[in-house]
Amino acid sequence: MPYRRGIALGVGVSLLLHGALIYLWRHVQPPAPPDTAPRVESIAVWIRPLAAKPPPPPVEVVKPKREAKPVSKPKPAAAREAPASSPQAITVVPASPATPAASPDTFRQESPATPKFDMEAAKRTARTMAGERDPSKVGTAVGQIPDKPLQTESQLARDIAQGKRGDCRSAYSGAGLLAPVLMLLDKKDSGCKW
């Protein structure tokens with residue numbers, strides 16, 4: 001039994017020490033460490049609105065004076081007056097004869113002062129400008145790169161020409177005695193053509 005008393009005594013001492021440490025930890029504050037960091041002070045900036053300018057003085061609107069226009073007399077009617085015997089009859093006067101519809105050639109009358117478009121001069125100018133470099137690229141780094149030559153074939157035409165099967169008599173001419181073996185190793189329809 002003395003063994004159990006030693007364990008009970010050890011547990012009691014441990015509880016007392018833990019209780020004392022917890023009490024000291026809660027009630028005793030450690031001293032504050034000295035502040036060695038640089039102090040940062042904040043500055044508050046207030047933006048005030050600009051003082052409102054007084055409104056400009058009102059502009060006086062001057063109305064123009066109306067001048068009296070002379071009253072024009074009504075123009076006489078083009079219709080003839082009805083005879084006195086029938087006051088309610090209406091007489092219709094035929095209009096002036098209709099002008100014939102203008103043909104397209106009527107408007108094409110050229111006078112010597114009318115400038116004429118010269119198609120050949122336009123083509124010559126376009127041909128000379130086609131060979132010149134782009135003026136917006138002159139003096140820049142992009143302007144130093146030469147232009148690509150004009151292509152006469154499309155990409156599809158070049159691919160078809162490259163895909164053409166070669167002649168078997170000249171395809172393996174550099175292989176020497178191994179030429180028949182290489183011909184046999186080629187797949188059907190992908191090798192040379194006899």
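Tyrosine 3 is exposed, with a relative accessible area of 65%, where exposed denotes over 50% relative accessible area, buried under 20% and partly exposed the range in between, computed with a 1.4 Å probe on protein chains only. In this predicted model, local features need a pLDDT of at least 70 and side-chain atom pairs count only at pLDDT 80 or more, whereas totals for chains, interfaces and linings use all residues. Residues are numbered from 1 along each chain as its sequence is written, and side-chain values use heavy atoms, with hydrogens and water left out.

Tyrosine 3 is placed in helix α1, which covers residues 2-27; helices (DSSP runs of H or I, at least four residues) and strands (runs of E, at least two) are numbered from the N terminus. Together with Ile7, Val11 and Leu15, Tyr3 makes a nonpolar surface patch of about 460 Å². Such patches are made of residues with over 30% relative accessible area and no salt bridge, nonpolar side chains (Val, Leu, Ile, Met, Phe, Trp, Tyr) being joined within 5 Å and like charges within 9 Å; a salt bridge is a side-chain nitrogen of Lys or Arg within 4 Å of a carboxyl oxygen of Asp or Glu. The number of buried residues among the 26 of α1 is 0, so the helix lies largely in the open. From its first C-alpha to its last, α1 reaches 38 Å, close to the 38 Å expected at 1.5 Å a residue, the expected span being 1.5 Å times one less than the number of residues.

The protein as a whole has 5 helices and 0 strands, and buried residues make up 3% of its 194 residues. Its accessible surface comes to about 20800 Å², of which 63% belongs to carbon and sulfur atoms, as computed by the Shrake-Rupley method with a 1.4 Å probe, only the protein chains shown counting as cover for residues.

Leucine 182, in helix α5 (residues 179-185), counts as partly exposed at 36% relative accessibility. Beyond its neighbours within four places in sequence, leucine 182 is in contact (heavy atoms within 4.5 Å) with Tyr172 and Ala175.

The average pLDDT, the predictor's confidence in each residue from 0 to 100, is 76 for the protein.
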